[in-house]
Amino acid sequence: MFVFNILSIFPEIVKCFTNYSLINKAIEKNLIKFNFLNLRDFTKDKHKQIDDEPYGGGSGMVFKVEPVYNALCSLKTNERGKVILLSAKGEKFTNSLAKKLSKENSLTLICCRYEGIDERISNFIDYEVSIGDYVLMGGEIPACVIIEAVSRLIPGVVGKEDSVKFESYEDIFLEYPHYTRPENFNGLMVPQVLLSGNHKEIENWRKKKSIENTINRRFDLIRNRKRPLDSSEVLEIKNTLQNKFEIYIGLVHFPVYNKKNEIVLTAITNMDIHDISRISRTYGIKKYFLITPDEEQKAYALRIINHWKNGYGREYNPSRKEALKVIDIKESIEDAINEIKKISSKNLITIGTSAKKRKNEITFQKLNELAKDNAIFLIFGTGWGLTEEILDSMDYILEPIYGLTDFNHLSVRSAVSIIVDRLIGF
Ligand SMILES: C[S@@+](CC[C@H](N)C(=O)[O-])C[C@H]1O[C@@H](n2cnc3c(N)ncnc32)[C@H](O)[C@@H]1O
């Protein structure tokens, strides 16, 4: 039998929760058992004081470590199991932690209130766990969350074991959507495929929906996956991302700064042509604009591109031609913007990039959000960077990429790779 020890000043909150549904049934079936310890019973003073003022000042009261320590010591070592402190600043509780904990025979859950507990409790616990990025008034509800997530993984607690196996967080992707009777609810229809009786098609549809939902709601689950993707998953993710995102890149050769902070025209380089077009082709960038008003420079770029698209290069390396198709040479940023507006039906947002810190920067996270509903034009400078005037004219400036040292002279090609990968890579 699995034992949950609950340490709290309000154990009734958790007790009440155990009176219902499958948790209650599991108690009746002797699969799980609860042991409630009221922390006030482990204080030594006549007022049963559980908390005190924080050292160093500050608002709010803090749980004392001693009563909790005493309560822990009152438990037999073999009944204590892993000790978990519920805490808003703990590691995030996940299904994989629930799985790991369900393999134990017992768990001890410490619920605090007020500002939390004296940090020295960390010497007596195994995990400090948060159930999500929000602050609750006490650890009792988080304890109930853990009890429920762990109990349902204990054999016999949930009727059909399959219903536990195929669910969100079991693997990489969120679960597919469910439908039940009626087939037509006020004109809202059940997807036809689910009525087809074709199991293979139903399975494919569910897989597709589950990938789509994960991309739209929890892309982080794909990025932080626990196993490598298989090739059909890779294909499905790529297709969904390509339909979802519309990203353009501009590489500006005029006006940009030189070393002396003068406004100059820089030369187009072979490396930028090749590397950024390959990045663009790999990540499904809609167009890579080479921006220069200089006729000789344009002709130079065209000569290189034509060599690979039509000349000897085409036979030597056919895939390069594919990458270079994404390039478009334009006189100015305005011309590139006008071109995007011709081909895109989405609202366009211009994003300036700079290695230096500036006011009004946005984070990569904000850029991700903007990219969900808008076409994004990422604009990069050559030389010593985009001029103040250009940066001022952008809708947003993306915060710099930070490495671990004060040396931050990335090549523009590296900056493009890192930014694009953080935005849409997986
Ligand atoms: C008001 S909260 C303390 C918040 C704390 N001062 C902070 O900012 O991290 C009181 C108690 O509720 C519980 N609690 C609050 N939010 C929680 C969460 N997201 N996950 C787990 N426990 C939580 C913890 O036991 C916490 O010590």
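## Basis of the model

Residues are numbered from 1 along each chain as its sequence is written. As the model is predicted, local features need pLDDT of at least 70 and side-chain atom pairs count only at pLDDT 80 or more, while totals for chains, interfaces and linings use all residues.

## Domains

The protein chain is split into domain 1 (2-163), domain 2 (184-241) and domain 3 (245-424), with bounds taken from an automatic or database domain assignment. Between the C-alpha centres of domain 1 and domain 3 the distance is 52 Å.

## The sheet

Strands of a sheet pair through backbone hydrogen bonds, either parallel or antiparallel. Here 5 strands form an open sheet with parallel pairing, in the order β2-β1-β6-β5-β7. At its edges are β2 (32-38) and β7, each of which pairs on one side only. From one strand to the next the twist averages 30°. Strands (E, at least two residues) and helices (H or I, at least four) are DSSP runs numbered from the N terminus, and two strands pair if DSSP finds at least two bridges between them.

Strand β1 (residues 2-8) is joined to β2 by 7 bridges, and Asn5 stands opposite Asn35 in β2. Strand β5 (residues 82-92) pairs with β6 (residues 106-110) over 4 bridges and with β7 (residues 127-130) over 5 bridges, both strands running parallel. Ile84 stands opposite Leu109 in β6 and opposite Tyr127 in β7.

## Around the ligand

The ligand has 19 residues around it, of which Ala88, Cys112, Gly116, Gly139 and Pro142 come nearest; a residue counts as near if its C-beta atom, placed from the backbone, lies within 6 Å. Strand β5 gives the most to this shell, with 4 residues.

By class, the shell has 10 nonpolar, 6 polar and 3 charged residues. Ala, Val, Leu, Ile, Met, Phe, Trp, Tyr, Cys and Pro count as nonpolar, Asp, Glu, Lys and Arg as charged, and the others, Gly among them, as polar.

## A helix pair

The axes of α11 (residues 270-283) and α18 (residues 412-424) come within 10 Å and cross at roughly 10°. Therefore α11 is roughly parallel to α18, a term for angles under 35 degrees. Axes are lines fitted to C-alpha atoms, for helices over the stretch in contact, and angles run from 0 to 180 degrees between N-to-C directions.

Residues in the contact include Met271 and Ile279 of α11 and Val416 and Val420 of α18, where contact means C-beta atoms, placed from the backbone, within 7 Å. The contact of α11 with α18 has 8 nonpolar, 1 polar and 3 charged residues.

Conventions. Angles under 35 degrees count as roughly parallel, over 145 as roughly antiparallel, 65 to 115 as roughly perpendicular and the rest as oblique. Two residues are in contact if their C-beta atoms, placed from the backbone, lie within 7 Å.
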